[in-house]
Amino acid sequence: MKVRLSANMETRILTVFLLLINGIICEENLDVKEGGRILLPCRFSPSFLQKDSTLYWIRSNRRNHDNVAIGQTAFHKNYRVDYSMSEGRYDLYISDAEYMRDNGKFECRLKEDGTGVELYTKTISLTVLVPPPAPLISSSSPTALEGTSYKLTCTSSGGSPPPQITWVRTSDRELLDGNLTLGTGPEGIGSTNELVITPTKEQDGAMFTCQVWNRAMKRSDILEVSTNISVNYYPIVEVGPANPYRVEIDHTAEMTCSVDSKPKTESVRWEFSGLFIATSFRHVIPQVSIQDSGSYYCTADNGLGKIDKRELKLDVQYAPQIDISGETEISEGGRLFLTCKSTANPRSLGNTWRKVSDPDFQREGPVLEINNVRAHDGGEYVCTAFNYIHPTGGERTRRESNSSVIVNVRHKPGRASITPESAIAVVGRSVTLVCQAEPEGFPLPAYRWWKEGRDSQILSTSSHYTLENVETSSLGRYFCQPHNSLGQGEVASVDLQVYLTPRLTSTPPPNLLRPEAASGLQISCSASAKPKPAVRWFKNGVEISSSSSELFQISITEQGQNVLSTLSYVGLGRKNSNQLTYQDKGHYSCQFENQVGRAEATTHLRIQHKPVPVHSRNKFGFGVGESGEITCDMRAFPEPRFDWTLADQDHDSGIVNYSSNVTQIEEDLFRAVLSITQVRKSSYGSYECRAVNSLGGARATIVLQGKGEPEAPHGLKIDQVSSESIFISWTSGFDGGYKNTEYMAEYSRTVDGRVDTKRCTAMGQCNITGLNQYTEYSIRVQARNPAGVSAWTSPVSATTLVDESRIPSPDSLVLERSTNSVHVKLPPHQLKLLVELEVQDRQGNWLHHSQTLLDADTTYGTFPLDQEDPLSTAAFKMDAAKLDDSDSQGTSNPVPGPLRSRLCLVTNSTACGPFVVGMVVESLDVGQPWLIALIVVISLLGLVALLVAIKCVCYTRKGQNGAKNVHVSKILHPHNIDAYKAQMFAITAGENQHGVRKSSTFDINSQQIEQGSSNSQSESANSQEPLWAYQKSPADPNELHYPISALAGYDNYPGYPYIDETPTTEPDTGYFGGENKPEYYGEAGGCKNGYFGGENELTVDGRRSVINGEIMAGEYNCSTAMEHSGYSYQGLPDPANYFSASPNVFIADHPPPSTSNNSGGHQHYQPPHQRDHQTLAEGLQTPNTRARRIVHEVIV
């Protein structure tokens, strides 16, 4: 079936097809912010307007579809049409855009009138941009459950275009996949993004962020809202403190069960061996036993429907538990077989058998087997087993257990013995004799005791025999014999001696009273004893020695067992050799003593005598207005009466300002105290204390004065010395009236003069601590109070002892085989030491070799050995393979040798430090660290000595130059070394230059020398100025020349160019010219060719030199000064031509002839390039032909 179209219809279809092909019908997307303005362009071909047609704009939005402009007429106030027929333009302007009105599609259409054919169509999708509001997050439930799906929804209502919503994990900003649903606009359905997750325990509290954005916003203005999720998770149980948990037996086991869950688990369930035991998170067993070992289970449940259960293995560790089995009673000749079984955790690592009575007996293994048992094999055997306990959290510790068994061997008793071997009994006391058999015998033996002469009388049947209340008749010989069912042992005997304790037979009266100056006093006492007693006499507990005493004589008379002793008061120390003094008073004892006892008799001797002053203080100080006391001590018997006198005036104690009392301190010592209520100036003076008894009287003068400085102590002495302390004592002087007077001890080390002080709190003594051992100290003491200080005491000296535990050991000990000598290096010390060497023999025994004395300050010593010396022989018989292998590798490594050394005190050679084992080397080299240190020290000392010598020489020269009073400015440093060399050519060489003058008539006081000396001693900022020396030609023996050794090594120093090298650039001619010229060069300053700049005029010391290349006043022309200096400059570049066209011309040995003008003193100088060829050929040298004889530089 065919369909025929009308011609009109065909024309329309063709037109539309052509428009589509030509792109006339198109669509465009544009954005405009709400309230903004926008141009909607519509452009077409003007040819479309040849036909009758109509232009119009159509708007389609959510509300309607209608025309907004036809032709040039717009139907809204915010719309305006821009129409141009010739340009084919039909644009629509929109102002104050609104979402509800303008968000949609705008169509620009050109339609043919009559036919209605659309000639042109353009569609513009206009989006009115409206930012979205802040998003909202909702969740499927308030709390998530671990492992269960959980949904988070982020919603944004509004916004044009509909916003993009994304989810990110807040912690790491990772983008998450969500289900995005776009909304319909500000007034429609909002956009959503649903995030579905399956939360885990780790995500509890995790934060998720929802991000919202559309084109109405800047990229940086993304809206975000975050939420965190709460995840409930099932219990996770952890048991501890470790698994397995190791605990030593009888210690506390503390098992923990920690649960991580949400919601929190309130309790747990502990099970052991299938039984419920506890619900706490911490289960404690105070004292674990072996039965507590095993598996413990902890279960937790927090109500979410899933529990967790963990096993904790408790490992109870314990030392070996030993069980010994086997027959323990055996007949002689039988077999002993014992088994030692041990259980332990961890297992036992070994068994050892020992015998208590035999320290040398030791067997390894669990079985002890002895064949052909003898009697001596009986006894107590101990089995020892060990293991290592390593509890959780503790250290690995060795645990050892013992178990013993007594083995009895059936045999008759052996030989008997009685103890004590020297039996001594004392009359009236008891004595016990013990009989023992060896071997003892088994079954245990019985004993029979009897006394010589009474064999049939059995005294005892046990091993012990006791004599009660010994008498003299108990003296004699006693016997014992052991026996059992298998036989009898050998008989033993002992001689019993009976002693008598000393017994006093006569004693002196308990009290004796004698007047002073009485004579012929004797005290006697006697005692009897067996053995005879020794006699000693004591006065007040101190023994009296008749051999050394000048006050007593002791006599002894023996009569059988009785001893009589008499103490006579006779001696050279007594007046008339036998008169008593008050000092003889006291308690006297005679003491008799032998091996078994002591007896003693005492008498109290009193001496009647007149008063004797014994007080130690004769000065007291108190301030005006203070209360004071002065004391007076007197010895007297009987008691004396005291009175006081001031300035020959009696003082009645009844006077209101004075009072007195007397106190008895000892039996014959009395103290009178005069108290002054208020001291006045009139109270000061000399007080006389008078004491009187029936035998006479005595006076003592005591001064009362105002407070003041203390008096110096006296009688300073050393009481005790140790390795780190010195204890001193002294007698205190008058304290100036201050009770808070203290004493300062000053002690200084003699070796270095270091002074320290110590405040002494004790009166009259002080212990100075913290001292160095074996060090001499000088000590003195001074008193101090608030009023001032006293003079120092005379010093005393003491040397601290040596702490034997701090005796050092040698730093190194080396035996050098090539020189057959021993080298010892010691640490710094101040001790007088011996180096003790020991040599090891082939059996490994150390034998004494020698002791060598060292000086106190010596830290290194070497001792040559003879070839026959045992130490030398041992070293050469060492394992040669070790030394040969060391030498073959070129390392000279030392190997341990058969020698060792230690340091001992000279004063006590047995007091020594620890040993140091020596090393043996074939030969010492500089690779030895201590030898390197020694060489470095010696080198440094040599360098210091050299620098000191150089500095002394420099100061000496400066002093000589200063004496000449010649003013010379320093030469300034040039900017380059070549300019510096040129300056040096202008310096006249002087006596200060390095060299040896054999004989010379040169005027050493000439200004050339002065000039040279001054310039050569210019100071350098870094003390490394180049010093250029000029060699004297050796042709003239009377001239100065350098020794060959002085020039060695200085002909090729790379630090600076040679002085004869050709310069490559010409220096700055104005170096010293212009405004910067130094005073040394006057107004012009400089040498020929303007080297020093200026106007070619040089002024030095008032002399004027014209520098026009020919004549200079005086001798300071750059060349004539060199020619007449008395030194050879052969080989140096000519300063006149140094920068000229002929730089390689050098100064010759024979300078050109010169003339002098007597009137003017001028000297003519001929430059080298003007000399004849003969002169050049004979005298000049080039760098290729001349010998280098210049010391280029010495760096100080």
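## Basis of the values

In this predicted model, local features need pLDDT of at least 70 and side-chain atom pairs count only at pLDDT 80 or more, while totals for chains, interfaces and linings use all residues. Residues are numbered from 1 along each chain as its sequence is written, and side-chain values use heavy atoms, with hydrogens and water left out.

## Overall make-up

The protein chain has ten helices and 76 strands. Both are DSSP runs numbered from the N terminus: helices are H or I with at least four residues, strands are E with at least two.

The chain has 1196 residues, and 42% of them count as buried; buried means under 20% relative accessible area, exposed over 50%, and partly exposed in between (1.4 Å probe, protein chains only). Its accessible surface is about 64,000 Å², with 49% belonging to carbon and sulfur atoms. Accessible areas come from the Shrake-Rupley method with a 1.4 Å probe, and for residues only the protein chains shown count as cover. Of the contacts (heavy atoms within 4.5 Å) between residues at least 6 apart in sequence, 63% join residues at least 24 apart.

Four strands make up an open sheet of mixed pairing, in the order 11-19-21-24. Its edge strands, strand 11 (144–145) and strand 24 (282–285), each pair on one side only. Two strands pair if DSSP finds at least two bridges between them.

Strand 21 (residues 253–262) pairs with strand 24 in the antiparallel sense, over four bridges. In this pairing, Ala-253 stands opposite Ile-285 of strand 24.

## Cis peptide bonds

Most residues other than glycine have a negative phi, and most peptide bonds are trans. The bond from Ser-160 to Pro-161 is cis, with omega near -5 degrees. Pro-161 sits in the loop between strand 12 (150–156) and strand 13 (164–169).

A cis bond also runs from Asn-243 to Pro-244, with omega near 5 degrees. The loop that holds Pro-244 lies between strand 19 (231–240) and strand 20 (245–248).

## Positive phi values

Ser-273, a residue other than glycine, has a positive phi near 55 degrees. Its loop lies between strand 22 (268–272) and strand 23 (275–278). Ser-273 is exposed, at a relative accessible area of 59%.

For Asn-469, also not a glycine, phi is positive and near 50 degrees. Asn-469 is in the loop between strand 38 (464–467) and strand 39 (476–484), and is partly exposed, with a relative accessible area of 49%.
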